[in-house]
Amino acid sequence: MRRPSNLDKCVVELSKLLGERLSTSAAVREHHGHGVSDRRGMEPDAVAFADTANEVSRITEACHRHNVPIIAFGAGTSVEDQVAAAQGGVCIDLSRMNNLVEIRPQDMLAVVEPGVTRKALNQALRDTGLFFPIDPGADASIGGMAATRASGTNAVRYGTMRDNVLALEVVLANGTIIRTGSRAQKSAAGYDLTGLFVGSEGTLGVITELTVKLYGIPEAVSVAVCPFPSLVQAVDAAIGIKQLGLSVARMELMDTVQMQASNAYSHLSHPLQPCLFFEFHGSPAHIAEQSEIAGSVCKDCGGTEFTAAEQAEERNRLWTARHDAYFAATALRPGAHAWPTDVCVPISQLARCIQETAEDLEKEGILAPICGHVGDGNFHALLLLDPEDADEMARAETVSARLVERAIAMGGTCTGEHGVGLGKMKYMPLEHGPALSAMAALKTALDPKGLLNPGKIIPHDYVVSIL
């Protein structure tokens, strides 16, 4: 990693601006050099803790003037090395920008700073009858969730961050502050700049404020679990339920290995078979009807026992296996390095993609439970590895590459919700072809010096080729 030539001058300038909120300590830099996957820790040269959008603007302008890379950092929960400082530079930590700017219940929206976490937002909404539905699992920051275009278990009903961000305040590479979108629910005025920045992973600008949609808390909630003899039968049931248009809020799939892990970790007794987990939202009468129809579909597809629950305690017991899936999976191999990966395919290809992936993992001797958001064709494999075993790590890389290639060949994508970062960047040409040059052109137009989270999403050759 090459150290920026004008870094010292930039650090001196930022120290005058931020005082003790500009850190070059080894511990702080190490903490900001990786997300939860910790595969490629790359430390920034300095960490700037910003309090306001104006400070972000001044930090960015100084870095731009001194040609120093800029990496935005939220809660550090990304899994594809989005926050690794691939070329050194200054990391802007946005966690102190955690104010709820405004909650507008009648408009069903909230305006928040990027450091607000999803749990904090929902806690603030508890007396309004509204909630923010995007749940990627971790208590991620709203700004980070927008930057990576996060989604999660509720996406089958409420969509992803792309569908739930109405407007943004963004600091561009040269420090200019712009606003995109509005508080209106739709617009036909000009380019969709909001959509452009959502999912850009800090490579086009630094998000400093977000206007997000809110939803009414459902009158009633019901959950259900159903095991199946095979993955194919489970996915067939999911397809049938989607085709009927049932108001399912969550529809999750866990394979046999994950069920074994979850039973052991959470002291449960689910059958050691692929299982579908459901959650229905609506009025009591409506969800009872929806649950009954879903149960019939599952039975027709070979489901062995459709277990439903409406009381909170029973709901939590049934849903525990999915909530604790990550921790249960890592407990299968204590001390192992957990390497999460995801792909998304058309739902008609989901069973085949999962089955072939499971066979590939078994062939290569890689332990990796699988679970997925079956309602939208997205699934995850958590590879449990010994980082000191070079052969095992090489086999894991091979399996991961084949998984992505398989998904793309099926008309899918290299990532449904984890994002690209460094981890999936090498697959972008395969997935996007000539369209990647258009993305590179946008990157160069908005960030001509290539300072915003450099080395992410767009391979270097594509950026160079359009200059």
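This is a predicted model: local features need pLDDT of at least 70, side-chain atom pairs count only at pLDDT 80 or more; totals for chains, interfaces and linings use all residues.
## Ground rules

Residues are numbered from 1 along each chain as its sequence is written, and local features need pLDDT of at least 70, while side-chain atom pairs count only at pLDDT 80 or more and totals for chains, interfaces and linings use all residues. Side-chain values use heavy atoms, leaving out hydrogens and water. Helices (H or I, at least four residues) and strands (E, at least two) are DSSP runs, numbered from the N terminus.

## Two helix pairs

Let's start with α1 (residues 7–18) and α3 (residues 53–66): their axes come within 9 Å and cross at roughly 165°. That makes α1 roughly antiparallel to α3 (angles over 145 degrees count as such). Axes here are lines fitted to C-alpha atoms over the stretch in contact, with angles from 0 to 180 degrees between N-to-C directions. On the α1 side, K9, C10, E13, L14, L17 and L18 meet E55, R58, I59, A62, C63, R65 and H66 of α3, where contact means heavy atoms within 4.5 Å. By class, this contact of α1 with α3 holds 7 nonpolar, 1 polar and 5 charged residues.

Now turn to α9 (residues 231–243) and α14 (residues 350–364), whose axes come within 9 Å and cross at roughly 155°. This makes α9 roughly antiparallel to α14. Here L231, V232 and V235 of α9 meet L350, A351, I354 and Q355 of α14. The residues of this α9 and α14 contact divide into 6 nonpolar, 1 polar and no charged.

## Nonpolar cores

A nonpolar core is a set of buried Ala, Val, Leu, Ile, Met, Phe, Trp, Tyr and Cys residues joined through side-chain atoms within 4.5 Å; buried means under 20% relative accessible area (1.4 Å probe, protein chains only). The largest one has 49 residues, and I241, L276, F278 and L383 have the most contacts inside it. Beyond its neighbours within four places in sequence, I241 touches L246, V248, M251, F278, A294, V297 and C298. A second, separate core of 25 residues includes V116, A146, L168 and F197.

In α10 (residues 256–266), the buried residues are Q258, M259, A261, S262, N263 and S266. Their cover includes β13 (248–254), β14 (275–282), α12 (312–323), α13 (325–330) and β17 (370–373). Just after α10, H267 takes a positive phi of about 55°.

T153 sits in the loop between α5 (142–147) and α6 (155–158). T153 is buried, at a relative accessible area of 12%. Leaving aside neighbours within four places in sequence, T153 is in contact with D135, A249, R250, E252, R322 and H373.

Terms used. Angles under 35 degrees count as roughly parallel, over 145 as roughly antiparallel, 65 to 115 as roughly perpendicular and the rest as oblique. Ala, Val, Leu, Ile, Met, Phe, Trp, Tyr, Cys and Pro count as nonpolar, Asp, Glu, Lys and Arg as charged, and the others, Gly among them, as polar. Buried means under 20% relative accessible area, exposed over 50%, partly exposed in between (1.4 Å probe, protein chains only).
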